[in-house]
Amino acid sequence: KNGNEMYCAEVPGVGFMKPNMLDATLAKHVIKDESIVIADQYKVTWNYLQENGYEHVILAGNTMKDSRYHKPEIKGEYHLQHVNSMHHHIRDFMKPYCGVSTKYLPNYVALYTWLKNIAANKQKRKVNEVSLYRASTPDCYITRKAIEEMPAIPMCA
């Protein structure tokens, strides 16, 4: 909510999702008052989020009545494609490692999130540096008169 987005991914366990797996994962990474959990319609997750007071958005994987057509649900700025995209990026990240064992999967996911957070922080710093530089240049602010004196953009005939 406060603009300090961080990537967070963890393998909660192996097999079907259970409430204790969610509890161990979410309690470690999610601050209830400052986070929104985006999840699919998996019943265990949905019940857990509701019972434990997490702010959450539940999204349907397919909103079409005809199952031949696929259209994920969108609620405002949230859509399931964000989650699917992150899964895709994690899979792409692990392809060069040629068959990651389930035993070591949490280590690879931790490496992925660490690298993503470093990249995000570098990007924020770069934007701040450019903004500070731009603000310090004399042409940062432009007057209406300067805009009026600019040459017109030529039109194709």
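Visitor: To how many aromatic pairs does the count come?

Guide: This is a predicted model, in which local features need pLDDT of at least 70 and side-chain atom pairs count only at pLDDT 80 or more, while totals for chains, interfaces and linings use all residues. Residues are numbered from 1 along each chain as its sequence is written, and side-chain values use heavy atoms, leaving out hydrogens and water. The count comes to four aromatic pairs, where rings of Phe, Tyr and Trp (its six-membered ring) pair if their centres lie within 6.5 Å. One aromatic cluster is formed by Phe93, Tyr97, Tyr108 and Tyr112.

Alanine 9 is found in the segment before H1; helices are DSSP runs of H or I with at least four residues, numbered from the N terminus. Not counting residues up to four places away in sequence, alanine 9 touches Met86, Ile90, Val109 and Thr113, contact meaning heavy atoms within 4.5 Å. Although alanine 9 and methionine 86 are 77 residues apart along the chain, their C-alpha atoms are separated by 9.0 Å.

Turning to the helices, the axes of H1 (residues 19–29) and H2 (residues 43–51) come within 10 Å and cross at roughly 55°; axes are lines fitted to C-alpha atoms over the stretch in contact, with angles from 0 to 180 degrees between N-to-C directions.

Note on methods
Helix = DSSP H or I, 4+ residues; strand = E, 2+ residues; numbered from the N terminus. Phe/Tyr/Trp six-rings, centres within 6.5 Å; stacked < 30°, edge-to-face > 60°.
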